[in-house]
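Trainee: I would like to learn how to read helix packing in a model. Can we work through one case together?

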Amino acid sequence: PSAAKELVYITADISIDYSDQRAYHEIQDNLSFYRGLIYDSLHKTLNAQTGEKPGSQVTEADMLEVVETTLRKVLPGNMISRVVFKSFKTS
């Protein structure tokens, strides 16, 4: 949140299981675009927390759901079967 006096850093490795190989090629051919989508979705999720009740926190599961939903909206059909964090750290 903008009112926080500390910065929060998130590092994550994401694994995407594809139900359609075209999604793999689409993401690999436009890696910076999809990386930007993932970053923006996480950033918006964390900023949305500012208006919530004090003490409430966005969880790792919440962020994973946002990333998966974002990718599913951009890629047509059911090209993605699942998204998981292989590693997830905050500091």
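Mentor: Start with the orientation: α2 and α3 are oblique to each other. Angles under 35 degrees count as roughly parallel, over 145 as roughly antiparallel, 65 to 115 as roughly perpendicular, and the rest as oblique. This is a predicted model, where local features need pLDDT of at least 70, side-chain atom pairs count only at pLDDT 80 or more, and totals for chains, interfaces and linings use all residues. Residues are numbered from 1 along each chain as its sequence is written, and side-chain values use heavy atoms, with hydrogens and water left out.

Trainee: At what angle do α2 and α3 pack, and how far apart are their axes?

Mentor: Two packed helices are described by the angle between their axes and the distance between the axes. Here helix α2 (residues 31–48) and helix α3 (residues 60–74) pack at about 135 degrees, with axes 9 Å apart. Axes are lines fitted to C-alpha atoms, for helices over the stretch in contact; angles run from 0 to 180 degrees between N-to-C directions. The crossing of α2 past α3 is right-handed (the near helix is turned clockwise from the far one by less than a right angle).

Trainee: Which residues make the contact between α2 and α3?

Mentor: Contact means heavy atoms within 4.5 Å. From α2 come Phe33, Tyr34, Leu37, Ile38, Ser41, Leu42, Thr45 and Leu46. From α3 come Met63, Val66, Val67, Thr70, Leu71 and Val74. By class, this contact has eleven nonpolar, three polar and no charged residues. Ala, Val, Leu, Ile, Met, Phe, Trp, Tyr, Cys and Pro count as nonpolar, Asp, Glu, Lys and Arg as charged, and the others, Gly among them, as polar.

Trainee: Is Tyr34 buried or exposed?

Mentor: Buried means under 20% relative accessible area, exposed over 50%, partly exposed in between (1.4 Å probe, protein chains only). Tyr34 has 4%, so Tyr34 is buried. Leaving aside neighbours within four places in sequence, Tyr34 contacts Glu26, Ile27, Leu71, Val74 and Leu75. Tyr34 and Leu71 are 37 residues apart in sequence, yet their C-alpha atoms are 8.0 Å apart.

Trainee: Where is Thr59 found?

Mentor: Thr59 is in the loop between α2 and α3. Its relative accessibility is 38%, so Thr59 counts as partly exposed.

Trainee: In what order do the elements of the chain run?

Mentor: From the N terminus on, they run β-α-α-α-β. Helices (H or I, at least four residues) and strands (E, at least two) are DSSP runs, numbered from the N terminus. Buried residues make up 25% of the 91 residues in the chain.
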